[in-house]
Amino acid sequence: MKLLNRSILHLSGLLLFIVGLMAVIFYINMLDEIRDSVDKGLDNYKHQIIVKAQTDSSLLRINNFEEGFFSFHEIPGPRKFKMKDRYTDTLMYMQETGDRKRELEPVRMLSTVFESQGKYYELRIINSMVEEDELIEGLLWEAFWFYVVLIAGIIVINNFVLQRLWKPFYSFLNQLKKFRLGNTGDFPQVKTNTNEFNDLQSAVNTLLEHSTETFERQKQFIGNASHELQTPLAIALTKLELFIEKGGMDKMQAEELAGIMHIIERMIRLNKSLLMLTKIENRQFSGSEEVSITGVLHQCVAELREAASHKKVAIHVEENGKLPVQMDPVLANIIISNLLRNAVFHNIPEGTVMIHAGKNSITICNTAKGDALPEDKVFTRFYKPGNESTGTGLGLAIVKAICNMYNFVVSYRFENFQHCFKIEFSNS
Amino acid sequence: MKILIIEDEIELQQSIADSLEKEHYVVESAADFHSASEKISMYDYDCILLDIMLPGVSGIQLLEQLKKQGKYGNVIIISAKDSLDDKLTGLQLGADDYLAKPFHIAELNARVKAVLRRKIFEGRNVLELANVSLDLDARLLTVNGERTPINRKEFDVLNYLMLNKNRLVTKSALAEHVWGDNVDQADNFDFIYYQIKNLRKKLQTSQARIEIDAVYGIGYKLTEK
């Protein structure tokens, strides 16, 4: 969920509570205010009626509310405790304008006792009150609309104001997503006056600087290490070859030496492949020209033709144009020859290699010796399926590194008992 | 034939010298820039093996010196760098060949022979041994004056073995030479064995007076009968 929506969600929950609470308080206060003003009105009436009653005694005969809003009752004597004004809420049958029947309506009633010509009377004055349920309903609607308007307002603010405020953040995030170690691109950068974003930017950039430095050092180390190994390996190999050439060994000794030589040769291959990987990642192959992939393919197939026929592996090529790609010709050769060698040598006797060169991609499939390879691991360094021990485990990693460099997509899939490697060239 | 080895790594220098002496060349060595520079200006060599990564200075400067003195075309660069740029600079400055470390003795031998042949026989690119002759340009094998059909890989194998006659050529050196760099499949050895077997058969039927011997199962040696 986006930050904006999340804040709206939280705010709407909180606002619902606040608006509800406010509505309740507002209702109570309002009811209080209404009562106060009604009571004041009743008090005024009381004084007017008493004054009128002193002069017009006919009024004193009104003893129910049929004719007006007040009534008198003669009471036996002054009961001191009842001399005080009493306000009560009560219900009465009344016919309001518009109503057909009489209904119970809430009224406010003032009862008081006064003296007139030696007699004591109880005066009751009524005034209709607001109906509470109507008030509640009204208030509820108002609160609801208020809430709706508030949320709408917040959404508008979020979209126009907050989105603008967060803009540097999102732009920073996008740059960060595109950032890759080793691709000497610039560090993510945004212009903003917001302190938090500036802090974030400097913190992230410090981290990136550290990572880049570590990455560069590691790369340099691998490069230097394999580089420095070349000379000692050369010495070991040449010395051993000269030693074997001298002869005078029995078969057992010769076999031991052959074993040692194979190990040295393996180290040499491993080292060369590592150097190659480092060079690719260091972008030391900078040549860029139009290379015909099918041309490279034909060359590689010709190279392997005899070995393939020795293994009784048939190579079928199906092509569609020259498949021109803008890249370093050395690397083009490495990609195709690595994939093709794998396809021929990791094949079964009487197996096939099917090559399909399309408009924008090349697929190389070979009969599988065993089951599918794990898609996520085939291109990782030093991955060797099962008991395979002669390879360096770097051939496909090199292919992947080259493809990464040019933004080509290399993929593996297993279908019809065939290992299929596909490269999609993006720039052709 | 006089050959100068310029290599700061004494052990490697010694191995190379040992190997070249077996071919009956006169071998001299230099381990640093100054002695190398001195030797270059004082004597003429038929071939110079030059490690361009000398301590302190780049061997490229020696190449420039050679060019100034008009001594062209007999330098093989040996480098641990194996970078295309170095290779191109070296070749532009008049080096004949470029060999990346580590290398097989047989490969070095073949390269030296190629340089010497170019220098001495000037253009005539034919290898001859006993009654066998190999035309490198036309890629033809002639035994006793008669053409013997041979396939591409067999030709490469025979060529390599003839350049290294009487010397051990390991299977992996052979595989690498014939297949180019980056060989990492043991299947290749099997294939090499198959090629050698065919080659032997062809040499036998055409009554060539050379033979290919297996050496301890490690490699092969071509000798005159």
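The structure is a predicted model, in which local features need pLDDT of at least 70 and side-chain atom pairs count only at pLDDT 80 or more, while totals for chains, interfaces and linings use all residues. Residues are numbered from 1 along each chain as its sequence is written, and chains are lettered from A and ligands numbered from 1 in the order in which they are written. Helices (H or I, at least four residues) and strands (E, at least two) are DSSP runs, numbered from the N terminus.

**Interface between chains A and B**

- The interface brings 30 residues of chain A into contact with 29 residues of chain B; two residues are in contact if their C-beta atoms, placed from the backbone, lie within 7 Å.
- On the chain A side, helix H3 (195-246), helix H4 (251-281), helix H5 (293-310) and helix H6 (329-345) each supply at least two residues.
- H3(A) provides the largest share of that side, 13 residues.
- The side of chain A that touches chain B is made up of 12 nonpolar, 9 polar and 9 charged residues. Here Ala, Val, Leu, Ile, Met, Phe, Trp, Tyr, Cys and Pro count as nonpolar, Asp, Glu, Lys and Arg as charged, and the others, Gly among them, as polar.

**Chain B overall**

- Chain B contains 8 helices and 12 strands.
- Of the 225 residues in chain B, 40% are buried. A residue is buried if 20 or more other C-beta atoms lie within 10 Å of its own, exposed if 12 or fewer, and partly exposed in between, with C-beta atoms placed from the backbone.
- Among the contacts in chain B with a separation of 6 or more, 57% link residues 24 or more positions apart.

**The parallel sheet of chain B**

- Five strands of chain B form an open sheet in the order E2-E1-E3-E4-E5, with parallel pairing; two strands pair if DSSP finds at least two bridges between them.
- Strand E2 (26-30) and E5 of chain B are the edge strands, and each pairs on one side only.
- From one strand to the next, the twist averages 20°.
- Helix H1 (residues 10-22) of chain B packs on the sheet and touches E1, E2 and E3 of chain B, its direction making about 170° with that of E2(B). Axes are lines fitted to C-alpha atoms, for helices over the stretch in contact, and angles run from 0 to 180 degrees between N-to-C directions.
- Strand E1 (residues 2-6) and strand E3 (residues 47-51) of chain B pair in the parallel sense over 4 bridges, and B:Leu4 stands opposite B:Ile48 in E3(B).

**Antiparallel hairpins around E8(B)**

- Strand E7 (residues 132-135) of chain B pairs with E8(B) in the antiparallel sense over 4 bridges, with B:Ser133 opposite B:Thr142 in E8(B).
- The hairpin of E7(B) and E8(B) has 4 residues between the strands, and B:Arg139 in the turn has a positive phi of about 55°.
- E8(B) also runs antiparallel to strand E9 (residues 146-148) of chain B, joined by 3 bridges; B:Val143 stands opposite B:Glu146 in E9(B).
- Between E8(B) and E9(B) the hairpin has 2 residues, and B:Asn144 takes a positive phi near 55°.
- In strand E8 (residues 140-143) of chain B, B:Leu141 and B:Val143 form the covered face, while B:Leu140 and B:Thr142 form the uncovered one.

**Nonpolar cores**

- The largest nonpolar core has 120 residues, and those with the most contacts inside it are A:Ile293, A:Ile398 and B:Leu49. Such a core is a set of buried Ala, Val, Leu, Ile, Met, Phe, Trp, Tyr and Cys residues joined through C-beta atoms within 7 Å.
- H6(A) contributes the largest share of this core, 10 residues.
- A second, separate core of 8 residues includes A:Phe70, A:Leu123, A:Ile125 and A:Ile126.

**Loop residues**

- B:Leu93 lies in the loop between helix H4 (84-92) and strand E5 (97-100) of chain B and counts as partly exposed because it has 17 C-beta neighbours inside 10 Å.
- Not counting residues up to four places away in sequence, B:Leu93 touches B:Ile60, B:Leu63, B:Glu64 and B:Lys67.
- A cis peptide bond, with omega of about -10°, joins B:Lys101 and B:Pro102; B:Pro102 is in the loop between E5 and helix H5 (105-121) of chain B.
- A:Glu350, although not a glycine, has a positive phi of about 65°; A:Glu350 counts as exposed because it has 10 C-beta neighbours inside 10 Å.
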